[in-house]
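Colleague: I have a new structure open and have not looked at it before. Can you walk me through it?

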Protein chains: 2
Amino acid sequence: MSTPAFGDWMKGVQSSMEQSLADFLPAESAPPQQLHAAMRYAVLDGGKRVRPLLVFAAGALFAAPAAELARAAGAVEMIHAYSLVHDDMPCMDDDALRRGKPTVHVKYGEATALLVGDALQSQAFLVLAEGDAEPARQLAMLRLLAAASGSIGMCGGQAIDLASVGLALSLDDLEQMHRLKTGALLRASVLLGAWCGKALTEAETAALDAYAAAVGLAFQVVDDILDATADTTVLGKTAGKDAADNKPTYVSILGLEQSRALAEKLRGDAHRAVQPFGDQGLRLRQLADLIVERQS
Amino acid sequence: MSTPAFGDWMKGVQSSMEQSLADFLPAESAPPQQLHAAMRYAVLDGGKRVRPLLVFAAGALFAAPAAELARAAGAVEMIHAYSLVHDDMPCMDDDALRRGKPTVHVKYGEATALLVGDALQSQAFLVLAEGDAEPARQLAMLRLLAAASGSIGMCGGQAIDLASVGLALSLDDLEQMHRLKTGALLRASVLLGAWCGKALTEAETAALDAYAAAVGLAFQVVDDILDATADTTVLGKTAGKDAADNKPTYVSILGLEQSRALAEKLRGDAHRAVQPFGDQGLRLRQLADLIVERQS
């Protein structure tokens, strides 16, 4: 059986993910209907599904069962989606546009947006706790996702981000912020995908950690480059927002050319990190390329 | 060994709970410090710890290990605390006072309050996922807490509450709202405590469900009575708020006397529900009494 082209594999994951997420979310017909409609609006029909792609790419290392991968990917994507809903609220980034559509608080009101985010987080843990992996391994996956989401992960990174507005951050501080804000959940995606296949050795964890660190940082560097260079229509969210908000970015600290060089270096780091997995690491290498080359 | 008096038992649980929560929360010295300080502010030194008391009282049915009870109780209390932080925000109830202290958003700002609630929810699942019960049982506990917290539990009840402002709710609708908004987490407290001891039979689950339903509803009826009759100093939160917000309550629908009679009836229901457990049900019966007789 020949390996499908990357583009086809990616479309396959994205479209099966859409179906899985639709299944993992409460039905719109179930009460409270408006909350469920808003939760589905926040999650479905949008995004590049980078985290689910990482879950599936890492799962390919150890031939993980597709149903377990869909479950882990669904949980991570719901955490990501909830963070976007809260991040867009007026007391945070106050953004009206997300993935080319009105943000949840614009469409449903602030109180509902708050509850949508809260309920999506619970739903993510519910979905993951319903997994069929060996129970001790499933529990380890829950600990990983919870730690990556909370105050020493994503939420912690957002808190540092909040505190950094208007400050002249060093490159190290900026990296630390992003390692938590976006890196923690990207790392969790990679490790969860692999854990869907088997319990990892220390060497495997270290290799995947190195890959995730490089890809996570590359993701953010490219985000900053796109925020500075792309326009709102292509991006599907408000461009130039970081500069307008006076937020430190890779582009503001390093400039555009050095930021591009850094992204290239990180792509190389990511490729090297997964060399020990040989051919099974193909999807992870291709995803590193996608993350560096993306235009939106 | 004679059984300690109820008051002593309660004070013992409350004070050991304070220590457990302090241990389960990230240290204030760990970065991001401000977020961790605000999380601790939201959880520590406050509240009657009704949910932890229910966890420990139900744990007494099956001689559950104290360390596991503390863990389950800590997780439930963090979920409860996060819901209060978000509930108090301007886009929800807009309350400045909680447990006699400024609310989190008043003290730390809205953006931090949003993140505090989000991070406390993650922390609750992290703490519960670190439990030492047999892994399959621990997973079942995580599913229970996640379902009780999310859109078909607490968040769902809050969504119905939001939608009900200014509406003439029937008694059935009001009960359904509270069954989700506060009842789901109270029920989870009772079941989690019992599960810390052993996997439950269907009959045991049914008995505890009946107890939790009665106590959960009694809790809300008494809340409504206190909101209508107590003053802000005693209550530690703004009194008379429901009437001011034009929210339907038991008092607004049934009147004060019938509300008091309903609370008494529910106390009797709760006592009867735990009769099958004999002497081991003492703490659960005493808690039902406390919930009905409380003055704040």
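**Loops, helices and the interface**

Modeller: This is a predicted model. One place to begin is Arg99(B), which is partly exposed, at 24% relative accessibility. Arg99(B) sits in the loop between β1 (97-98) and β2 (101-102) of chain B.

Colleague: What is the phi of Arg99(B)?

Modeller: Phi of Arg99(B) is near 55 degrees, a positive value in a residue other than glycine. Most residues other than glycine have a negative phi. Arg49(B) is not a glycine either, and has a positive phi of about 60 degrees.

Colleague: Where is Arg49(B) found, and is Arg49(B) buried or exposed?

Modeller: Arg49(B) is in the loop between α2 and α3 (50-59) of chain B. Arg49(B) counts as buried because its relative accessibility is 3%, and the cut-off for buried is under 20%.

Colleague: Now the peptide bonds. Which bond is cis in chain A?

Modeller: The one that joins Pro31(A) and Pro32(A), with omega at about -5 degrees. Pro32(A) belongs to the loop between α1 and α2 of chain A. In chain B, the bond from Pro31(B) to Pro32(B) is cis, with omega near -5 degrees. Most peptide bonds are trans.

Colleague: Take α2 of chain A, then. How many residues of α2(A) are buried?

Modeller: 9 of its 11 residues are buried, so α2(A) is largely enclosed by the rest of the structure. Among the buried ones are Leu35(A), His36(A), Met39(A), Arg40(A) and Tyr41(A).

Colleague: What do they pack against?

Modeller: The buried residues of α2(A) pack against α1 (6-24), α4, β2 (101-102), α5 (104-108) and α6 of chain A, together with α8 (154-164) of chain B. After α2(A) comes Asp45(A), with a positive phi near 60 degrees.

Colleague: Chain B turned up there. How many residues of the two chains are in contact?

Modeller: 41 residues of chain A are in contact with 41 residues of chain B. Between them the chains bury about 3300 Å², 77% of it on carbon and sulfur atoms. Leu115(A), Leu139(A) and Ser151(A) supply 17% of the area that chain A buries against chain B, more than any other three residues.

Colleague: Which elements of chain A are on that side?

Modeller: Those giving two or more residues to the side that touches chain B are α2 (33-43), α4 (66-87), α6 (110-129), α7 (135-149) and α8 (154-164) of chain A. The largest share, 12 residues, comes from α6(A). By type, the residues on the side of chain A that touches chain B are 26 nonpolar, 11 polar and 4 charged.

Colleague: How many salt bridges are there between chain A and chain B?

Modeller: The count is 0. The rule does find 10 residue pairs in polar contact across the interface of chain A and chain B. Over all chains, the structure holds 29 salt bridges.

Colleague: Give me some of those. What does Arg71(A) pair with?

Modeller: Arg71(A) forms a salt bridge with Glu130(A), the closest N and O atoms being 4.0 Å apart. Arg71(A) is in helix α4 of chain A and Glu130(A) in the loop between α6 and α7 of chain A, so the pair ties together parts that are 59 residues apart in sequence. Arg71(A) is buried, at 16% relative accessible area, whereas Glu130(A) is partly exposed, at 41%.

Colleague: And Asp88(A), what is its partner?

Modeller: Arg98(A), with the closest N and O atoms 2.9 Å apart. Asp88(A) lies in the loop between α4 and β1 (97-98) of chain A and Arg98(A) in strand β1 of chain A, so this pair ties together parts 10 residues apart in sequence. Asp88(A) and Arg98(A) are both buried.

Colleague: Last topic, the core. How many residues does the largest nonpolar core have?

Modeller: The largest nonpolar core has 215 residues, and Tyr211(A) and Tyr211(B) are those with the most contacts inside it. Leaving aside neighbours within four places in sequence, Tyr211(B) is in contact with residues including Leu54(B), Val190(B), Ala270(B) and Leu287(B).

Technical notes:
Residues are numbered from 1 along each chain as its sequence is written. Chains are lettered from A and ligands numbered from 1 in the order in which they are written. This is a predicted model: local features need pLDDT of at least 70, side-chain atom pairs count only at pLDDT 80 or more; totals for chains, interfaces and linings use all residues. Side-chain values use heavy atoms; hydrogens and water are left out. Contact means heavy atoms within 4.5 Å. Buried area is the accessible area (1.4 Å probe) that two parts lose on being put together, summed over both. A salt bridge is a side-chain nitrogen of Lys or Arg within 4 Å of a carboxyl oxygen of Asp or Glu. A polar contact is a pair of N or O atoms within 3.5 Å; within protein, one must be able to donate a hydrogen and the other to accept it, and residues adjacent in sequence count only if both atoms are side-chain atoms. Helices (H or I, at least four residues) and strands (E, at least two) are DSSP runs, numbered from the N terminus. Ala, Val, Leu, Ile, Met, Phe, Trp, Tyr, Cys and Pro count as nonpolar, Asp, Glu, Lys and Arg as charged, and the others, Gly among them, as polar. A nonpolar core is a set of buried Ala, Val, Leu, Ile, Met, Phe, Trp, Tyr and Cys residues joined through side-chain atoms within 4.5 Å. Buried means under 20% relative accessible area, exposed over 50%, partly exposed in between (1.4 Å probe, protein chains only).
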